[in-house]
Amino acid sequence: MEISLFQLVAICATIAVVLGFGIRAASSVHSTKGFSVGGRSAGVPLVAGGIAGTCVGGGATVGTAQLAATAGLSAWWFTIGSGVGLIIMGLFYARPLRRTALETIPQFLAQNFGLTCGVFSSIVSSIGILFSAVASCLPAIYIVSAIFGIPFFPSTILLILAVAAYAFFGGMKSAGVGGILKMIVIWVTMAIAGAMAAHSLFADASVAAALPEGTFNLLHGDTGHILANFSSVVIGMLCTQSYIQAIFSASNPRTASVAAFFAALISLPVGLPCALVGIYMHAAHPEVTPILSLPVYLLTEQPSLLGGIAMGGIMLSLIGSIAGLSLGIGTMLSRDIFHRARVTLRARKIHKLADNPEQQEIDITKIPTVNHPYHFSELAVTRAIVLATIALAAFIALANEGSQVLFWNYLSMALRSGGIFLPLSFAIFVPNTVTNLGATLSMALSTAAALIAVFLGAAGNPLFFGLAVSALLIVLSYLRHRQTD
C-alpha cells in the first residue's frame, strides 16, 4: 500500500490534534475517581463520546469492511447490534446503574450477590474485554505497518505508545474528549467514502456485475448465525464495563440515559459506509487483503487530504477503542481486587492492634493501608494495569496475525456476557430474588460452558451455551428463594 508524504502528514496531524486535546484534558485528573469516572461530572457529550469512542473501533470500521468483502451487507449487523444495545441501555439500564454511584459492574454485583460473585465477575469480564481490545489491535498493527513500511513488531510498539498517550494520563476524561473528536472525523469522512463507494458500485456496470448474488441482502447467508451474532453484540453492550463506566461518569441518571441514546445514534450508522467500501473493494480490487480493504480505499480512491484525514480517523477509532476497553479492565482490577485487598489488609492490622493492649494508644486512622516500603497509590496502580492491558492485547494480536477481527469481537461478547447478563439484570429489575450462591454458580458454570463450546468447536454461538446454563441456575435459585419466603 503506497502512501504519499502529504497523506502521511494528514494522518499524523489528525491523530496529533485529537491526542493533544485528550492529554490536555488529563491535566485535571489527580485521583482514581477522576481517572476512572471523570469525577462523576460528565455531561451528555462526554458520556456519549466515551461510549461511542470505545465501541466504534476495529470491529465497527476495518472489521466490518473486512467481513463485507466476503459476506456483503450483512457485515453491518455488528454496528446495528451496538446501536440497539445502547438504546436498550438508555431505556432500562442506565438510570438504575447511575443511581448507585458505583464505578464498576463487579461492585454492583458484589453489592447484590456478595464478594465472591463480584471478584469472579471482575476477572471474567476482564478476559472478555481483553479479546475485544485484541480485535482493534489486529487491524491497527496491519495499518501502522502498511503506512510506515515497517514490520509488525515495531508497528506493535508504536501502537502501544499511541494508545498509552490517548488514555494513560487522563482516563475517562481523555477518552470522552477524544471520543467526541474522533467520531466527528469518522462520521464526516466515512459518509463521504461510503457515498463514493456506493456510486462506484452502481455507476460502473463491470463492478456491479462482479458482485455475488445476495450482496445487499442484510440476511444473506446463514440467518441463524447472523441473528445469533447480532444478539451477542446487543447483550454484550449491556454487560461491558467500558461502556457502563461511561454511564457511571455521568453527572446524573438522566444524563446517563440520554447519553446512551446519543451514542446509539452515533454508532449504529457507522458500519454502513464501511460495509459499502468493503463490497466495492471486493468487486473492483479482489487482490487486496480483506483486512486492508478500508485503508487501501481511503488512500488510493479518495482525494489525498480527505483520505489522509479519514485514515487518521480510522487509526483514532482503533486507538480509542483499545484505550477505552483497557481503561475498563484497569478500573475493575484496581477497584475490585487491588483496592479490596488493601482495605482487607488494613482492617486486619487495625484488628490486630485493637487486640494488643500495648498498642491501644495508637491512632488507627494514621495506619497506612499496607505496611510496605513501596506504597503505590490506586491511581498509579490503575494506570499500570491499563498500560499492561494495552501491551498484552497488542501482543496477542501480533501472535494471531491473519485472524478475523469480528471473530475476536463475537468471542469477547460471549465470554463477558454469558455469565453476567442475567445476574446483572435480576439485580437491577428484581433485586433480592436470587441467592448469592445461585448467582455465583450461574456466573461460574455459564462461563465454563461458553469456554467449552469455544474449545470444542460446538455449532452455534458460545454465548447461548452460557446463557442457557445461566438461565437454568438463575431460575432454580429464583424459585427456591420464593419457596423459602
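Reader: Which helix gives the most to the lining of the second largest cavity?

Author: This is a predicted model, and its second largest cavity has a volume of about 40 Å³. Two helices, α7 and α17 (378–399), each supply at least two residues of the lining of this cavity. The greatest contribution, 3 residues, is made by α7.

Reader: How many residues of the lining of the second largest cavity are charged?

Author: The second largest cavity is lined by Leu138, Ile141, Tyr142, Phe152, Ala397, Leu398 and Glu401. Because Glu counts as charged while Leu, Ile, Tyr, Phe and Ala count as nonpolar, the lining divides into 6 nonpolar residues, no polar and, as charged residues, 1.

Reader: What is the volume of the largest cavity?

Author: The structure holds 2 cavities of 30 Å³ or more. The largest is lined by 18 residues, with Thr54, Cys55, Phe78, Ser321 and Asn409 lying nearest its centre, and its lining comprises 8 nonpolar, 9 polar and 1 charged. The space in this largest cavity amounts to about 100 Å³.

Reader: Which helix supplies the largest share of the lining of the second largest pocket?

Author: The second largest pocket holds about 230 Å³ of space, and of the 13 residues that line this pocket, Cys12, Ile15, Phe148, Ala162 and Met315 are the closest to its centre. The lining divides into 13 nonpolar residues, no polar and no charged. At least two lining residues come from each of α1 (5–25), α7 (115–148), α8 (152–167) and α16 (304–354), and the largest share, 5 residues, is supplied by α1.

Note on methods
Residues numbered from 1 in each chain as written. Predicted model: local features only at pLDDT ≥ 70, side-chain atom pairs only at ≥ 80, totals over all residues. Heavy atoms only, no water. 1 Å grid on protein atoms, 1.4 Å probe; cavity = no way out; pocket = protein on both sides within 12 Å on 5 of 7 lines; lining within 4 Å. Points joined across faces, edges and corners; volume = space filled by probe spheres on them. Helix = DSSP H or I, 4+ residues; strand = E, 2+ residues; numbered from the N terminus.
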